[in-house]
Amino acid sequence: MRRKIAIVGGGITGLTAAYQLLKLADAAKEEIDCHIFEASSRLGGKILTYREQNLVLEAGPDSMLARKPAGVQLIRDLGLESEIIEQNPNARQTYIVKNGQLVHMPGGTQMGIPIHFTPFLETPLLSAAGKTRVFSDLVLPKREDPSDESLGHFLRRRFGDELTDSLCEPLLAGIYAGRVDDLSLQATFPQFADLEKKYRSVILGLRKTAHPTTASTSGRSAFITLRGGLQSLIDRLSEVLSDSAQFHLRTPILEIQRLETGGYELSTAYEHFSFDCVLWTTDTQNLLKAANKLLPVGSNQWLNVPAVSTATILLGYTPDQLNHSLDGSGFVVPRLENRAITAATWTSSKWPHTTQGRFSLIRCYVGRSGQQEILKLDDKQILQKVRRDLEDLMGIQASPYFTHITRWQEAMPQYLVGHRERIRTFKQHIATHTPGFLVAGASYDGGVGIPDCVLQGQKTATDAWMYMHTEIFR
(Lines give C-alpha, C1' and ligand atoms only; values in the text may rest on other atoms or scores of the structure.)
Protein backbone atom coordinates (compact mmCIF):
# COMPACT_ATOMS: atom_id res chain seq x y z
CA MET A 1 0.00 0.00 0.00
CA ARG A 2 1.51 3.32 -1.09
CA ARG A 3 1.05 5.77 1.74
CA LYS A 4 0.44 9.50 1.36
CA ILE A 5 1.81 12.03 3.79
CA ALA A 6 1.56 15.82 3.93
CA ILE A 7 4.11 18.12 5.55
CA VAL A 8 2.81 21.63 6.22
CA GLY A 9 5.68 24.10 6.32
CA GLY A 10 8.81 24.24 4.19
CA GLY A 11 11.25 25.40 6.84
CA ILE A 12 14.13 23.37 8.23
CA THR A 13 11.80 21.25 10.42
CA GLY A 14 9.52 20.30 7.53
CA LEU A 15 12.33 19.65 5.06
CA THR A 16 14.21 17.52 7.57
CA ALA A 17 11.04 15.55 8.28
CA ALA A 18 10.56 14.89 4.56
CA TYR A 19 14.20 13.82 4.22
CA GLN A 20 13.87 11.44 7.18
CA LEU A 21 10.67 9.91 5.79
CA LEU A 22 12.22 9.27 2.41
CA LYS A 23 15.28 7.69 4.06
CA LEU A 24 13.02 5.36 6.03
CA ALA A 25 11.05 4.48 2.91
CA ASP A 26 14.23 3.80 0.96
CA ALA A 27 15.61 1.57 3.71
CA ALA A 28 12.34 -0.38 3.74
CA LYS A 29 12.27 -0.50 -0.08
CA GLU A 30 8.88 1.18 -0.06
CA GLU A 31 7.48 4.18 -1.89
CA ILE A 32 5.51 7.01 -0.35
CA ASP A 33 3.82 10.11 -1.71
CA CYS A 34 5.24 13.05 0.21
CA HIS A 35 3.80 16.54 -0.35
CA ILE A 36 5.30 19.67 1.19
CA PHE A 37 3.03 22.71 1.48
CA GLU A 38 4.61 26.14 1.97
CA ALA A 39 2.59 29.36 2.23
CA SER A 40 5.40 31.63 1.02
CA SER A 41 7.23 31.71 -2.29
CA ARG A 42 10.41 30.11 -0.94
CA LEU A 43 11.64 27.22 1.15
CA GLY A 44 13.77 27.64 4.24
CA GLY A 45 11.56 29.49 6.71
CA LYS A 46 13.78 31.68 8.87
CA ILE A 47 16.95 30.53 7.10
CA LEU A 48 17.68 33.13 4.44
CA THR A 49 21.03 33.98 2.85
CA TYR A 50 21.60 36.83 0.42
CA ARG A 51 24.41 36.02 -2.01
CA GLU A 52 25.45 39.18 -3.78
CA GLN A 53 28.75 40.23 -5.35
CA ASN A 54 30.46 37.17 -3.84
CA LEU A 55 29.26 38.16 -0.37
CA VAL A 56 27.45 35.82 2.02
CA LEU A 57 24.86 37.81 3.95
CA GLU A 58 22.71 36.01 6.49
CA ALA A 59 19.32 37.57 7.16
CA GLY A 60 18.26 34.80 9.56
CA PRO A 61 20.48 32.68 11.81
CA ASP A 62 24.17 32.91 10.98
CA SER A 63 25.34 29.70 12.65
CA MET A 64 24.43 26.62 14.65
CA LEU A 65 25.82 25.04 17.80
CA ALA A 66 28.40 22.40 16.95
CA ARG A 67 27.84 20.52 20.23
CA LYS A 68 24.28 19.60 19.22
CA PRO A 69 24.89 16.64 16.91
CA ALA A 70 21.68 16.62 14.87
CA GLY A 71 22.65 19.65 12.78
CA VAL A 72 26.20 18.54 12.05
CA GLN A 73 25.08 15.00 11.21
CA LEU A 74 22.49 16.29 8.74
CA ILE A 75 25.19 18.36 7.05
CA ARG A 76 27.34 15.23 6.75
CA ASP A 77 24.47 13.10 5.47
CA LEU A 78 23.85 15.66 2.74
CA GLY A 79 27.48 15.65 1.64
CA LEU A 80 28.19 19.19 2.83
CA GLU A 81 30.81 18.46 5.48
CA SER A 82 33.58 20.06 3.40
CA GLU A 83 31.57 23.31 3.46
CA ILE A 84 31.65 23.64 7.26
CA ILE A 85 33.26 26.84 8.52
CA GLU A 86 34.17 27.42 12.17
CA GLN A 87 33.96 30.77 13.90
CA ASN A 88 37.15 32.83 13.74
CA PRO A 89 39.04 31.90 16.94
CA ASN A 90 40.36 35.47 17.16
CA ALA A 91 36.83 36.90 17.33
CA ARG A 92 35.31 35.18 20.33
CA GLN A 93 35.28 38.18 22.66
CA THR A 94 31.76 39.44 23.34
CA TYR A 95 30.90 42.89 24.65
CA ILE A 96 27.97 44.04 26.75
CA VAL A 97 26.66 47.59 26.76
CA LYS A 98 26.92 49.26 30.16
CA ASN A 99 25.92 52.91 30.54
CA GLY A 100 26.42 53.49 26.83
CA GLN A 101 29.88 51.86 26.71
CA LEU A 102 31.05 48.54 25.30
CA VAL A 103 32.46 46.44 28.14
CA HIS A 104 34.19 43.05 27.80
CA MET A 105 32.20 40.05 28.91
CA PRO A 106 34.25 38.69 31.83
CA GLY A 107 36.17 35.52 31.09
CA GLY A 108 35.33 32.30 32.86
CA THR A 109 31.58 32.73 32.73
CA GLN A 110 28.94 30.49 31.23
CA MET A 111 25.85 32.30 29.99
CA GLY A 112 26.78 35.15 32.33
CA ILE A 113 27.23 32.95 35.40
CA PRO A 114 30.75 32.90 36.86
CA ILE A 115 32.72 29.65 36.86
CA HIS A 116 36.14 31.24 37.41
CA PHE A 117 35.92 33.90 40.07
CA THR A 118 38.86 36.28 39.52
CA PRO A 119 37.80 37.67 36.09
CA PHE A 120 34.25 38.09 37.38
CA LEU A 121 35.37 39.96 40.47
CA GLU A 122 37.34 42.37 38.28
CA THR A 123 34.54 43.21 35.82
CA PRO A 124 33.00 46.71 35.95
CA LEU A 125 29.67 45.29 34.76
CA LEU A 126 28.42 44.75 38.32
CA SER A 127 28.75 46.67 41.54
CA ALA A 128 30.46 45.17 44.59
CA ALA A 129 27.06 44.54 46.13
CA GLY A 130 25.86 42.89 42.91
CA LYS A 131 28.86 40.56 42.86
CA THR A 132 28.36 39.66 46.51
CA ARG A 133 24.74 38.80 45.77
CA VAL A 134 25.80 36.52 42.88
CA PHE A 135 27.95 34.43 45.21
CA SER A 136 25.01 33.94 47.56
CA ASP A 137 24.24 31.07 45.22
CA LEU A 138 27.07 29.16 46.89
CA VAL A 139 25.13 28.95 50.17
CA LEU A 140 21.45 29.27 49.22
CA PRO A 141 19.29 26.15 49.63
CA LYS A 142 17.84 24.48 46.57
CA ARG A 143 14.22 24.94 45.57
CA GLU A 144 12.09 21.93 46.50
CA ASP A 145 9.04 22.83 44.39
CA PRO A 146 9.30 20.84 41.12
CA SER A 147 6.86 23.04 39.20
CA ASP A 148 7.99 25.33 36.39
CA GLU A 149 9.03 28.90 37.09
CA SER A 150 10.17 31.79 34.94
CA LEU A 151 13.79 31.98 33.89
CA GLY A 152 13.93 35.41 35.49
CA HIS A 153 12.55 34.19 38.81
CA PHE A 154 15.16 31.45 38.89
CA LEU A 155 18.04 33.80 38.07
CA ARG A 156 16.90 36.49 40.51
CA ARG A 157 16.51 34.12 43.47
CA ARG A 158 19.87 32.44 42.79
CA PHE A 159 21.99 35.43 41.69
CA GLY A 160 20.05 38.66 42.28
CA ASP A 161 18.62 41.35 40.05
CA GLU A 162 21.87 42.97 38.95
CA LEU A 163 23.41 39.93 37.26
CA THR A 164 20.03 38.98 35.81
CA ASP A 165 19.41 42.38 34.22
CA SER A 166 22.97 43.25 33.20
CA LEU A 167 24.35 39.95 31.88
CA CYS A 168 21.92 37.06 31.85
CA GLU A 169 18.91 38.82 30.36
CA PRO A 170 20.58 40.01 27.13
CA LEU A 171 22.49 36.74 26.71
CA LEU A 172 19.77 34.23 27.54
CA ALA A 173 16.47 35.95 26.79
CA GLY A 174 18.05 37.41 23.66
CA ILE A 175 18.03 33.96 22.07
CA TYR A 176 14.23 34.09 22.19
CA ALA A 177 13.79 37.88 21.84
CA GLY A 178 11.86 37.55 25.08
CA ARG A 179 11.72 38.70 28.70
CA VAL A 180 13.46 36.56 31.31
CA ASP A 181 10.56 37.13 33.67
CA ASP A 182 8.09 35.67 31.15
CA LEU A 183 10.06 32.76 29.70
CA SER A 184 9.73 29.26 31.10
CA LEU A 185 12.81 27.85 32.79
CA GLN A 186 11.91 24.29 31.84
CA ALA A 187 11.34 25.16 28.18
CA THR A 188 14.45 27.33 27.72
CA PHE A 189 17.25 26.35 30.12
CA PRO A 190 16.13 23.24 32.03
CA GLN A 191 19.79 22.41 32.71
CA PHE A 192 19.82 25.19 35.32
CA ALA A 193 17.03 23.49 37.27
CA ASP A 194 18.86 20.18 36.96
CA LEU A 195 22.05 21.71 38.36
CA GLU A 196 20.19 23.18 41.32
CA LYS A 197 18.45 19.90 41.99
CA LYS A 198 21.66 17.85 41.89
CA TYR A 199 24.26 20.23 43.30
CA ARG A 200 22.15 22.80 45.19
CA SER A 201 24.48 25.60 44.06
CA VAL A 202 24.29 26.37 40.33
CA ILE A 203 27.80 27.83 40.34
CA LEU A 204 29.25 24.72 41.99
CA GLY A 205 27.31 22.55 39.57
CA LEU A 206 28.66 24.47 36.58
CA ARG A 207 32.21 24.21 37.91
CA LYS A 208 31.85 20.44 38.15
CA THR A 209 30.07 19.82 34.88
CA ALA A 210 30.92 22.62 32.44
CA HIS A 211 33.09 21.60 29.53
CA PRO A 212 36.28 23.64 29.21
CA THR A 213 35.98 26.29 26.52
CA THR A 214 36.71 24.91 23.11
CA ALA A 215 39.18 27.69 22.50
CA SER A 216 41.40 26.53 25.36
CA THR A 217 41.35 22.84 24.52
CA SER A 218 40.85 21.52 21.04
CA GLY A 219 40.66 24.87 19.33
CA ARG A 220 37.31 23.80 17.89
CA SER A 221 34.61 26.43 17.64
CA ALA A 222 31.33 26.24 19.53
CA PHE A 223 29.57 27.59 16.43
CA ILE A 224 29.70 26.54 12.80
CA THR A 225 28.19 27.70 9.54
CA LEU A 226 28.49 26.81 5.86
CA ARG A 227 30.77 28.47 3.35
CA GLY A 228 27.93 29.49 1.09
CA GLY A 229 25.63 30.42 3.97
CA LEU A 230 23.04 28.35 5.78
CA GLN A 231 20.84 28.63 2.71
CA SER A 232 23.15 25.91 1.31
CA LEU A 233 21.53 23.47 3.73
CA ILE A 234 18.09 24.35 2.39
CA ASP A 235 19.27 24.23 -1.22
CA ARG A 236 20.77 20.78 -0.74
CA LEU A 237 17.70 19.41 1.03
CA SER A 238 15.51 20.77 -1.76
CA GLU A 239 17.74 19.17 -4.38
CA VAL A 240 17.73 15.77 -2.66
CA LEU A 241 13.97 15.86 -2.13
CA SER A 242 13.06 17.11 -5.61
CA ASP A 243 12.90 13.65 -7.19
CA SER A 244 10.79 12.09 -4.45
CA ALA A 245 8.63 14.82 -2.90
CA GLN A 246 6.18 17.31 -4.39
CA PHE A 247 6.55 20.94 -3.39
CA HIS A 248 3.55 23.27 -3.24
CA LEU A 249 4.81 26.83 -2.85
CA ARG A 250 2.49 29.81 -2.30
CA THR A 251 -0.02 27.27 -1.02
CA PRO A 252 -1.26 27.99 2.50
CA ILE A 253 -3.45 25.35 4.10
CA LEU A 254 -6.80 26.93 4.89
CA GLU A 255 -8.54 23.99 6.52
CA ILE A 256 -7.89 20.47 7.76
CA GLN A 257 -10.63 17.93 8.37
CA ARG A 258 -10.71 14.30 9.39
CA LEU A 259 -12.00 11.89 6.75
CA GLU A 260 -14.39 9.08 7.58
CA THR A 261 -11.78 6.71 6.21
CA GLY A 262 -9.39 7.85 8.93
CA GLY A 263 -7.13 10.08 6.89
CA TYR A 264 -7.16 13.86 6.51
CA GLU A 265 -8.33 16.35 3.92
CA LEU A 266 -6.25 19.49 3.41
CA SER A 267 -7.93 22.40 1.66
CA THR A 268 -6.11 25.18 -0.16
CA ALA A 269 -7.63 28.12 -2.01
CA TYR A 270 -8.00 26.03 -5.18
CA GLU A 271 -7.81 22.35 -4.35
CA HIS A 272 -8.47 19.59 -1.83
CA PHE A 273 -5.97 16.85 -0.99
CA SER A 274 -6.36 13.67 1.03
CA PHE A 275 -3.56 12.07 3.06
CA ASP A 276 -3.02 9.19 5.43
CA CYS A 277 -0.86 11.26 7.75
CA VAL A 278 -0.11 14.97 8.31
CA LEU A 279 2.93 16.65 9.88
CA TRP A 280 2.27 20.25 10.83
CA THR A 281 5.49 22.26 11.28
CA THR A 282 4.34 25.89 11.17
CA ASP A 283 3.29 28.03 14.13
CA THR A 284 0.48 27.42 16.57
CA GLN A 285 -1.71 30.33 15.46
CA ASN A 286 -1.87 29.06 11.88
CA LEU A 287 -2.67 25.61 13.21
CA LEU A 288 -5.54 26.92 15.33
CA LYS A 289 -7.00 28.73 12.33
CA ALA A 290 -6.76 25.84 9.89
CA ALA A 291 -7.66 23.01 12.23
CA ASN A 292 -10.27 24.57 14.49
CA LYS A 293 -12.78 21.85 13.49
CA LEU A 294 -10.23 19.12 14.05
CA LEU A 295 -8.44 19.91 17.28
CA PRO A 296 -9.72 18.79 20.69
CA VAL A 297 -11.39 21.15 23.14
CA GLY A 298 -8.76 23.06 25.11
CA SER A 299 -6.37 23.52 22.19
CA ASN A 300 -6.66 27.30 22.34
CA GLN A 301 -5.27 27.21 25.86
CA TRP A 302 -2.59 24.60 25.21
CA LEU A 303 -1.40 26.33 22.05
CA ASN A 304 -1.23 29.81 23.54
CA VAL A 305 2.28 30.54 22.25
CA PRO A 306 2.67 34.26 21.49
CA ALA A 307 5.34 35.30 19.02
CA VAL A 308 7.56 38.37 18.81
CA SER A 309 8.51 40.23 15.64
CA THR A 310 12.11 41.21 14.94
CA ALA A 311 14.21 42.65 12.14
CA THR A 312 17.78 42.08 10.99
CA ILE A 313 19.75 45.04 9.63
CA LEU A 314 22.94 44.37 7.66
CA LEU A 315 25.34 47.29 7.24
CA GLY A 316 28.39 46.96 5.02
CA TYR A 317 31.29 49.42 5.18
CA THR A 318 34.53 49.63 3.26
CA PRO A 319 37.42 48.94 5.66
CA ASP A 320 38.63 52.54 5.55
CA GLN A 321 35.23 53.84 6.70
CA LEU A 322 35.47 52.47 10.25
CA ASN A 323 37.49 53.72 13.17
CA HIS A 324 36.61 50.66 15.24
CA SER A 325 38.63 47.43 15.12
CA LEU A 326 35.70 44.98 15.39
CA ASP A 327 37.93 42.87 17.64
CA GLY A 328 35.34 40.34 18.68
CA SER A 329 32.08 38.69 17.74
CA GLY A 330 29.89 41.68 18.63
CA PHE A 331 27.84 42.97 21.53
CA VAL A 332 24.53 42.50 23.33
CA VAL A 333 22.38 45.24 24.82
CA PRO A 334 20.48 44.89 28.13
CA ARG A 335 16.93 46.18 27.79
CA LEU A 336 17.52 48.67 30.61
CA GLU A 337 19.92 50.52 28.24
CA ASN A 338 16.83 51.44 26.18
CA ARG A 339 18.50 51.19 22.77
CA ALA A 340 16.99 50.43 19.39
CA ILE A 341 19.59 47.70 18.86
CA THR A 342 19.16 44.57 20.98
CA ALA A 343 22.40 42.96 19.77
CA ALA A 344 24.95 43.26 16.99
CA THR A 345 27.26 40.74 15.32
CA TRP A 346 30.55 41.88 13.80
CA THR A 347 30.08 39.44 10.98
CA SER A 348 33.22 40.19 8.99
CA SER A 349 35.29 39.40 12.11
CA LYS A 350 33.28 36.44 13.33
CA TRP A 351 32.96 34.90 9.85
CA PRO A 352 35.71 36.40 7.63
CA HIS A 353 34.76 34.24 4.64
CA THR A 354 31.49 36.17 4.25
CA THR A 355 33.17 39.32 2.95
CA GLN A 356 36.73 38.12 2.13
CA GLY A 357 38.20 41.32 3.54
CA ARG A 358 36.34 43.53 1.07
CA PHE A 359 33.88 44.94 3.58
CA SER A 360 33.40 45.35 7.31
CA LEU A 361 29.97 43.88 7.95
CA ILE A 362 27.85 44.57 11.03
CA ARG A 363 24.58 42.76 11.59
CA CYS A 364 22.16 44.43 14.00
CA TYR A 365 18.97 43.13 15.54
CA VAL A 366 15.94 45.11 16.64
CA GLY A 367 12.72 44.04 18.32
CA ARG A 368 12.06 41.91 21.40
CA SER A 369 9.21 41.32 23.78
CA GLY A 370 8.14 44.63 25.29
CA GLN A 371 10.18 46.62 22.75
CA GLN A 372 8.23 46.24 19.53
CA GLU A 373 7.49 49.90 18.75
CA ILE A 374 10.50 50.26 16.46
CA LEU A 375 9.02 47.71 14.07
CA LYS A 376 6.12 50.07 13.33
CA LEU A 377 8.62 52.43 11.64
CA ASP A 378 9.53 52.23 7.99
CA ASP A 379 12.91 50.87 6.89
CA LYS A 380 14.48 54.29 6.57
CA GLN A 381 13.51 55.25 10.12
CA ILE A 382 14.74 51.94 11.54
CA LEU A 383 18.05 52.40 9.77
CA GLN A 384 18.39 55.90 11.21
CA LYS A 385 17.89 54.62 14.76
CA VAL A 386 20.34 51.76 14.25
CA ARG A 387 22.97 54.08 12.83
CA ARG A 388 22.48 56.47 15.75
CA ASP A 389 23.13 53.63 18.20
CA LEU A 390 26.22 52.53 16.27
CA GLU A 391 27.53 56.08 16.38
CA ASP A 392 26.93 56.34 20.14
CA LEU A 393 28.36 52.92 20.97
CA MET A 394 31.11 52.49 18.38
CA GLY A 395 31.74 55.99 17.04
CA ILE A 396 30.69 55.05 13.50
CA GLN A 397 29.60 58.16 11.63
CA ALA A 398 30.16 56.97 8.05
CA SER A 399 27.24 56.07 5.82
CA PRO A 400 27.25 52.34 5.08
CA TYR A 401 28.23 51.27 1.57
CA PHE A 402 25.21 48.96 1.47
CA THR A 403 22.36 47.90 3.76
CA HIS A 404 19.80 45.11 3.93
CA ILE A 405 16.76 45.11 6.21
CA THR A 406 14.80 41.91 6.70
CA ARG A 407 11.66 41.85 8.82
CA TRP A 408 10.55 38.70 10.60
CA GLN A 409 6.88 39.02 11.46
CA GLU A 410 5.90 37.13 14.64
CA ALA A 411 8.91 34.92 14.10
CA MET A 412 10.12 34.23 17.65
CA PRO A 413 7.85 31.96 19.72
CA GLN A 414 7.69 32.80 23.41
CA TYR A 415 7.90 29.79 25.70
CA LEU A 416 5.92 31.10 28.66
CA VAL A 417 5.87 29.47 32.09
CA GLY A 418 4.20 26.06 31.84
CA HIS A 419 4.89 25.79 28.10
CA ARG A 420 6.27 22.26 28.08
CA GLU A 421 3.41 20.86 30.11
CA ARG A 422 0.81 22.54 27.89
CA ILE A 423 2.41 21.21 24.69
CA ARG A 424 2.78 17.76 26.24
CA THR A 425 -0.92 17.76 27.14
CA PHE A 426 -1.86 18.90 23.64
CA LYS A 427 0.21 16.15 22.01
CA GLN A 428 -1.34 13.52 24.26
CA HIS A 429 -4.82 14.66 23.24
CA ILE A 430 -4.17 14.69 19.50
CA ALA A 431 -2.50 11.28 19.71
CA THR A 432 -5.83 10.00 21.06
CA HIS A 433 -8.32 12.09 19.10
CA THR A 434 -6.53 12.63 15.79
CA PRO A 435 -4.04 9.79 15.27
CA GLY A 436 -1.78 10.40 12.31
CA PHE A 437 -1.80 14.16 12.85
CA LEU A 438 1.51 15.29 14.36
CA VAL A 439 3.14 18.64 15.15
CA ALA A 440 6.76 19.73 15.31
CA GLY A 441 8.84 22.89 15.04
CA ALA A 442 10.10 25.83 17.04
CA SER A 443 6.63 26.86 18.24
CA TYR A 444 6.03 23.57 20.04
CA ASP A 445 8.93 22.15 22.00
CA GLY A 446 12.55 21.17 21.69
CA GLY A 447 14.06 24.61 21.08
CA VAL A 448 14.41 27.24 18.37
CA GLY A 449 17.92 26.56 17.05
CA ILE A 450 18.62 24.78 13.77
CA PRO A 451 19.84 21.52 15.39
CA ASP A 452 16.78 21.57 17.66
CA CYS A 453 14.43 21.88 14.69
CA VAL A 454 16.33 19.20 12.76
CA LEU A 455 15.96 16.80 15.68
CA GLN A 456 12.24 17.57 15.98
CA GLY A 457 11.74 16.96 12.27
CA GLN A 458 13.55 13.64 12.41
CA LYS A 459 11.73 12.41 15.50
CA THR A 460 8.29 13.40 14.28
CA ALA A 461 8.91 11.85 10.86
CA THR A 462 9.91 8.61 12.56
CA ASP A 463 6.72 8.73 14.65
CA ALA A 464 4.69 9.27 11.47
CA TRP A 465 6.41 6.34 9.78
CA MET A 466 5.65 4.07 12.73
CA TYR A 467 2.02 5.23 12.72
CA MET A 468 1.68 4.43 9.01
CA HIS A 469 2.93 0.92 9.72
CA THR A 470 0.47 0.13 12.49
CA GLU A 471 -2.31 -2.41 12.13
CA ILE A 472 -4.71 0.25 10.87
CA PHE A 473 -2.88 0.26 7.53
CA ARG A 474 -2.48 -3.44 7.09
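Predicted model: local features only at pLDDT ≥ 70, side-chain atom pairs only at ≥ 80, totals over all residues.
Me: How many disulfides does a search of the whole structure find?
Reply: The search finds 0 disulfides. A disulfide is a pair of cysteine sulfur atoms within 2.5 Å. Take Cys-34: the nearest cysteine sulfur, that of Cys-277, is 10 Å away.

Me: Is Cys-34 called buried or exposed, and why?
Reply: Buried means under 20% relative accessible area, exposed means over 50%, and partly exposed lies in between (1.4 Å probe, protein chains only). Cys-34 has 1%, so Cys-34 is buried. Cys-277 has 0% relative accessibility, so Cys-277 counts as buried too.

Me: What makes Glu-196 count as buried or exposed?
Reply: Its relative accessibility is 4%, so Glu-196 counts as buried. Glu-196 sits in helix 8, residues 190–199. Helices (H or I, at least four residues) and strands (E, at least two) are DSSP runs, numbered from the N terminus.

Me: Which residues is Glu-196 in contact with, leaving aside neighbours within four places in sequence?
Reply: Contact means heavy atoms within 4.5 Å. Glu-196 is in contact with Pro-141, Lys-142, Arg-143, Phe-154, Arg-157, Arg-158 and Val-202.

Me: Why is helix 1 called mostly covered?
Reply: Of its 16 residues, 12 are buried. Among them are Ile-12, Leu-15, Tyr-19 and Leu-22. After helix 1 comes Lys-29, with a positive phi near 55°.

Me: What makes a nonpolar core, and how many residues has the largest?
Reply: A nonpolar core is a set of buried Ala, Val, Leu, Ile, Met, Phe, Trp, Tyr and Cys residues joined through side-chain atoms within 4.5 Å. The largest has 42 residues. Those with the most contacts inside this core are Ile-5, Ile-12, Leu-233 and Leu-279. Elements that each supply at least two residues include strand 1 (3–8), helix 1 and helix 16 (450–467). Helix 1 gives the largest share, 8 residues. Apart from this core lies another, of 34 residues, among them Leu-167 and Val-332.

Me: How do you know that strand 1 and strand 16 pair?
Reply: Two strands pair if DSSP finds at least two bridges between them. Strand 1 and strand 16 have 4 bridges and run parallel. Val-8 has Trp-280 as its bridge partner in strand 16. Strand 16 is also joined to strand 22 (residues 437–439) by 3 bridges, again in parallel. There, Leu-279 is partnered by Leu-438.

Me: Which way do the residues of strand 16 point?
Reply: Cys-277 and Leu-279 point one way, Val-278 and Trp-280 the other, and all are buried. In a regular strand, side chains alternate between the two faces of the sheet.

Me: Why do strand 8 and strand 21 stand at the edges of their sheet?
Reply: The open sheet of 7 strands has the order 8-7-18-19-20-17-21, with mixed pairing. Strand 8 (101–104) and strand 21 (402–413) each have a single partner strand, so one side of each is left without a neighbour in the sheet.

Me: What makes strand 17 and strand 20 a pair?
Reply: Strand 17 (residues 307–317) and strand 20 (residues 360–366) share 7 bridges, in the antiparallel sense. Thr-312 has Tyr-365 as its bridge partner in strand 20.

Note on methods: Residues numbered from 1 in each chain as written. Heavy atoms only, no water.
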